[in-house]
Amino acid sequence: MRVQLLRSLVAFLVCTAFVAGVVASDDYESNDTQETATLLIVGGEDLQTHTLNPDGDVDWFRFYAREDEIYDIFTTAIGDNIDLVIEIYDGEGELVGDPLDNFFQGEPERSSFKAPSAGQFFLKVFDYCDTADPPCNIGSSDAYSIYVFV
């Protein structure tokens, strides 16, 4: 009887862990590559909420810019389990400037970016904590929201 109860408990815990991992992703997956980047509407009113889960997850976004226009990139509602890093790429896939990582774990990132040309640009968002040594503190949330304004 105890063995059967123990087996049932183990099966329940394995199923719960699997479901928790599946539920943790967001509505915008899969945006794990530049080719599958989620469109961000510059100045859009709909705030997109994303997660960086599982460990090593990367989110890509794309937006259209005009030459010499200044764009403000903001993140908000940062989970306490992540330290966001944002890289900006041009339409050719070349990194534009230095990565944005101005704040700490659980704090929003924000920066301004002057488009060197007109066209499509990409944002690569990832978690510094996935590669940190020593590792970051473990929190309970890996969600964030992102938007771009002129």
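Two strands count as paired here if DSSP finds at least two bridges between them, with strands (E, at least two residues) and helices (H or I, at least four) taken as DSSP runs numbered from the N terminus. The model is a predicted one, so local features need pLDDT of at least 70 and side-chain atom pairs count only at pLDDT 80 or more, while totals for chains, interfaces and linings use all residues. Residues are numbered from 1 along each chain as its sequence is written, and side-chain values use heavy atoms, leaving out hydrogens and water.

Four of the strands make an open sheet, ordered S2-S8-S4-S6 with antiparallel pairing. Its edges are S2 (48–51) and S6 (110–114), each pairing on one side only. Neighbouring strands are turned by 25° against each other on average, direction ignored; the axes behind that are lines fitted to C-alpha atoms, with angles running from 0 to 180 degrees between N-to-C directions.

Now for the pairings themselves. S2 is joined to S8 (residues 143–149) by four bridges, and Thr-51 has Ala-143 in S8 as its bridge partner. S4 pairs antiparallel with S8 over five bridges, Asp-72 being partnered by Phe-149. In S4, Tyr-71, Ile-73 and Thr-75 sit on the covered face, whereas Ile-70, Asp-72, Phe-74 and Thr-76 are on the uncovered one.

As for the interior, 35% of the 150 residues are buried (under 20% relative accessible area with a 1.4 Å probe, protein chains only; exposed is over 50%, partly exposed in between). A nonpolar core is a set of buried Ala, Val, Leu, Ile, Met, Phe, Trp, Tyr and Cys residues joined through side-chain atoms within 4.5 Å. The largest has 22 residues, and Phe-63, Phe-113, Leu-123 and Tyr-144 touch the most other members. At least two residues of this core come from each of S3 (58–65), S4 (70–76), S5 (84–89), S7 (119–127) and S8. A second, separate core has five residues, including Val-58, Trp-60, Tyr-89 and Phe-122.
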